[in-house]
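Here's a quick briefing on one structure, sorted by topic. Have a look at the sequence and the model first, then read on.

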Amino acid sequence: MNRTTLSLIAGTAALAAVTGFATLNEPGAAGTDDSAKAAAVLPVERTSLLCPPPSTSDIAETSYTSFTPVTKGTDGDGTAELVAATEDSADTTDDDKTSDTDEKKTEGKKTDKGDKKTDKADKSVVTPKKPGTPATGDTSGGESPALMGTAEGKFAPGWTVQETTEVAVGSGRGLQGVTCTPADTEFWFPGASTAADRTDYVHLTNPDDSAAVADIELYGKDGALQTTVGEGITVPPHSSEPILLSTLTDVKEDDVTVHVNVRSGRVGASVQALDDKLGGDWLAAATDPAPSLVIPGIPKDATAVRLIAYAPGDADADLKVQLASPTGLITPAGHETVHVKGGMTTAVDLGDVTRGEAGSIVLTPTDRSVPVVAAVRVLRGKGGSQESAFIPASAPVGTRASAADNTAKGSTLSLTAPRGTAKVKVTASAGSEAGTAASKTYTIKSGTTQDVELPVPSGLKGTFALTVEPLTDTPVYAARTLTVTDEGVQGFTVQTLPDDRGTVEVPRADENMAVLQK
């Protein structure tokens, strides 16, 4: 078997493991020679997502919202469910159990919850009824487990789940939100911390029937931080392990980049950043290292923005810093460039860079291209009423992306097109309880960010989802901000909207035969 055939088989296997399985029953139609040669774009048949445990606070209130946009080419069958990630749901063998050595490496984990059995392990937290309409579920307290989700058939293409938690008081108070993600083997989190006033956990969730083994590396302002138990962390099957970053090193750093590398199996990973004074939120993984990055959707009333960047490897990166504002790309005074030393984390305070207008950070190389990862920490409010959130650099929307759990007055959608004018269609779904979907089309001028006026479902009851679909080839980046106000304190959380991977290109039969015959 030659290398070409091996590549085809390996690519198909990887697609099945990460994204799902493409529908192969393409409607039969006579096409042109060009269409016969082109790859078929088909909806995926299966999608898997992982949601981290929401909170350890006894007063936490968490909602889960599941949504699948309507997708052409799907049949009438399908299911979607979210169940607790517990070891009780897996057939763990002796080989999968954590050894004495591994127990030392998992010091700092909040394992007390994971050891508790529950009769609800196999009961779905959310049960969707049909694509195009959100479904919701709720939980409360600090014992809620991580969730594993699977959608098949008509619910699979573009399936998204939002986890939103409100914590009234205490460390990490405010609104914490995260989009549940697929399992993977590598993650970057610029913006974490091991400082005394921060309590940051990296949550690792294993969806598979065999144990996963991961390494956690920490990088500060002077390079790699010495860690004692960050290597070879075992995550048992169907389980979640929260690792307290401050137990991995004795060094106290305000700005740390976390690198999770899975040496065996795969996991879902998210960082929960809790601050004693500034509230808390989830830090989602940044997009893969790249020379140019976009951090979309910085709230226009941000009082402080802190940029954190890291350059993997030995090469230094010099980056041009620009703000995509409503009127075009501008350079923040005094922060025209940032120098990022190879293997080190660099942080820059940009202040109130948006100055009351919508904005996105655009990073480009000033000279040679060196891949970097980046994120921002955003503060809103003043004094004792400040709240914080994180926005990682994001991949573009691509074909389509959705954000669930929106309200008519508490949601803001930011769209940016840093490299050309774009047309974008935004659809507000039916409400979770009632309402009719509505759509609007927007033109986003080159180099700008717009906080668009959202379409709202008529007769809305409950929450709704937003689906973003670029109508032109120009890359579009998007972020959604959720806001709630409690006793005068405005809690907020921001989620980016990368491509939902709801479709996949599949070579046609004649191409497959040509490859296999080589």
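Over how many bridges do E2 and strand E6 pair, and in which sense? The answer is six bridges, in the antiparallel sense, with E6 covering residues 147-153. Keep in mind that this is a predicted model.

- E2 and E6 belong to an open, antiparallel sheet of three strands, ordered E2-E6-E4.
- Strand E2 (46-51) and strand E4 (78-84) sit at the edges with a single partner strand each, so one side of each has no neighbour in the sheet.
- On average, neighbouring strands here are turned by 10° against each other, ignoring direction.

**Aromatic pairs**
- There are three aromatic pairs in the structure.
- One of them is Tyr219 with Tyr310: the ring centres are 4.7 Å apart and the planes meet at 35°, so this pair counts as tilted.
- That pair ties together distant parts of the chain, with Tyr219 in strand E11 (residues 212-220) and Tyr310 in strand E19 (residues 302-310), 91 residues apart.
- Tyr219 counts as buried because its relative accessibility is 15%, under the 20% cut-off.
- Tyr310 is buried too, at 3% relative accessibility.

**A charge over a ring**
- Arg380 lies over the face of Phe492, at 4.8 Å from the ring centre.

Definitions and conventions. Residues are numbered from 1 along each chain as its sequence is written. This is a predicted model: local features need pLDDT of at least 70, side-chain atom pairs count only at pLDDT 80 or more; totals for chains, interfaces and linings use all residues. Side-chain values use heavy atoms; hydrogens and water are left out. Two strands pair if DSSP finds at least two bridges between them. Helices (H or I, at least four residues) and strands (E, at least two) are DSSP runs, numbered from the N terminus. Axes are lines fitted to C-alpha atoms, for helices over the stretch in contact, and angles run from 0 to 180 degrees between N-to-C directions. Rings of Phe, Tyr and Trp (its six-membered ring) pair if their centres lie within 6.5 Å; planes under 30 degrees apart count as stacked, over 60 as edge-to-face and the rest as tilted. Buried means under 20% relative accessible area, exposed over 50%, partly exposed in between (1.4 Å probe, protein chains only). A charge sits over a ring if NZ of Lys or CZ of Arg is within 6 Å of the ring centre and within 35 degrees of the ring normal.
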